[in-house]
Amino acid sequence: MRLDGTGYVEVNDSTAFNPSITGFTAEAWIKPASTSYQSYIINKNDGSSNSFSIFTQSEYISDRQLYNVVYSLIISANGCRPYSLENQQTYEKDTQVTSWHHIAAVIQPGGKLDLFVDGKASTSNFNSITSTCGNSNSIQIGARLLGANDAGGFFEGEIDEVRISNVSRYPSN
């Protein structure tokens with residue numbers, strides 16, 4: 001789907017969309033339209049009742065002539081506190097930033113967290129949870145809810161093959 005940076009897709013809630021330490025995967029292919037952005041890819045948070053969010057931000061570092069892109073997972077776990085996991089990528093060309101990228105947030109059975117970008121797992125020191133927090137919020141694709149009828153963090157570009165599964169689809173590295 002092509003998103004213009006002002007709208008998003010909303011999917012009704014299902015218990016299968018709530019993360020679990022027995023296995024969970026939320027994934028998508030993305031192709032940003034620009035090289036500078038802060039956007040949500042998949043979100044199940046609304047500012048007060050949180051479950052998980054996958055988002056990304058990009059910036060150009062002019063003195064190094066590089067693009068820095070940070071892909072992030074925020075998940076409510078271990079007593080419903082927010083935990084963050086990042087996967088940082090550096091690109092030399094703008095076309096590398098605006099190319100297709102596969103993002104997959106995974107909870108392995110037992111609670112190990114992984115955030116894969118184009119098959120590469122994050123290298124964060126924190127990567128294990130003992131419980132998760134679900135909610136009855138809808139899923140937003142291409143934005144996040146800030147409250148009732150208010151959204152932000154709009155994605156501009158293409159998002160394809162969004163899949164949320166109650167199994168771990170990618171093995172841990």
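Where is the place of Glu161? I found Glu161 in strand E14. I took strands (E, at least two residues) and helices (H or I, at least four) as DSSP runs, numbered from the N terminus.

**Entry 1: ground rules**

I worked from a predicted model, with residues numbered from 1 along each chain as its sequence is written, where local features need pLDDT of at least 70, side-chain atom pairs count only at pLDDT 80 or more, and totals for chains, interfaces and linings use all residues. Side-chain values use heavy atoms, with hydrogens and water left out.

**Entry 2: backbone angles**

I looked up phi for Glu161 and got a positive value of about 50 degrees, although Glu161 is not a glycine. Glu161 is exposed, with a relative accessible area of 55%. For this I used buried for under 20% relative accessible area, exposed for over 50%, and partly exposed for in between (1.4 Å probe, protein chains only).

Asp118 also came up: its phi is positive and near 50 degrees, in a residue other than glycine. I placed Asp118 in the loop between strand E9 (113-117) and E10. At 37% relative accessibility, Asp118 counts as partly exposed.

**Entry 3: the open sheet**

I traced an open sheet of six strands in the order E1-E14-E3-E8-E9-E10, with antiparallel pairing. Strand E1 (2-4) and strand E10 (120-121) are at the edges with a single partner strand each, so one side of each has no neighbour in the sheet. I counted two strands as paired if DSSP finds at least two bridges between them. E1 and E14 pair in the antiparallel sense over three bridges. Leu3 has Gly157 as its bridge partner in E14. I also noted a general point: in a regular strand the side chains alternate between the two faces of the sheet.

**Entry 4: the hairpin of E6 and E7**

I then went to E6 and strand E7 (residues 81-91), which pair in the antiparallel sense over eleven bridges. Ser72 has Glu86 as its bridge partner in E7. The hairpin has three residues between the strands, and Asn78 takes a positive phi near 45 degrees there.

**Entry 5: salt bridges**

How many salt bridges does a search of the whole structure find? I got three, taking a salt bridge as a side-chain nitrogen of Lys or Arg within 4 Å of a carboxyl oxygen of Asp or Glu.

Asp13 and Lys44 meet through their side chains at 3.0 Å, N to O. This pair links distant parts of the chain, 31 residues apart: Asp13 is in the loop between strand E2 (9-11) and strand E3 (24-32), and Lys44 is in the loop between strand E4 (37-43) and strand E5 (52-61). Asp13 is partly exposed at 31% relative accessible area, whereas Lys44 is buried at 0%.

Arg163 and Glu27 form a salt bridge at 2.8 Å, N to O. Arg163 lies in strand E14 (residues 156-165) and Glu27 in strand E3, so the pair ties together parts 136 residues apart in sequence. I read Arg163 as partly exposed at 35% and Glu27 as buried at 3%.

Asp114 forms a salt bridge with Lys112, and their closest N and O atoms are 3.0 Å apart. Asp114 counts as buried at 3% relative accessibility, and Lys112 as partly exposed at 26%.

**Entry 6: Ile164**

Ile164 lies in strand E14 and is buried, with a relative accessible area of 18%. I listed its contacts (heavy atoms within 4.5 Å). Leaving aside neighbours within four places in sequence, they are Ala16, Phe17, Phe24, Thr25, Ala26, Ile42, Phe52 and Ile139. Ile164 and Val106 are 58 residues apart in sequence and 9.9 Å apart in space, C-alpha to C-alpha.

**Entry 7: the cavity**

I searched the whole structure and found one cavity of 30 Å³ or more. On a 1 Å grid over the protein atoms alone, a cavity is a set of points where a 1.4 Å probe fits but cannot get out, and lining residues have an atom within 4 Å of a point. Grid points are joined across faces, edges and corners, and the volume is the space filled by probe spheres set on the points.

The largest cavity holds about 40 Å³ of space. Its lining is Pro19, Phe24, Phe52, Leu73, Ile75, Ala105, Val106 and Ile107. Strand E6 (66-77) and strand E8 (101-107) are the elements that give two or more residues to this lining. E8 gives the largest share, three residues.

Terms used. 1 Å grid on protein atoms, 1.4 Å probe; cavity = no way out; pocket = protein on both sides within 12 Å on 5 of 7 lines; lining within 4 Å.
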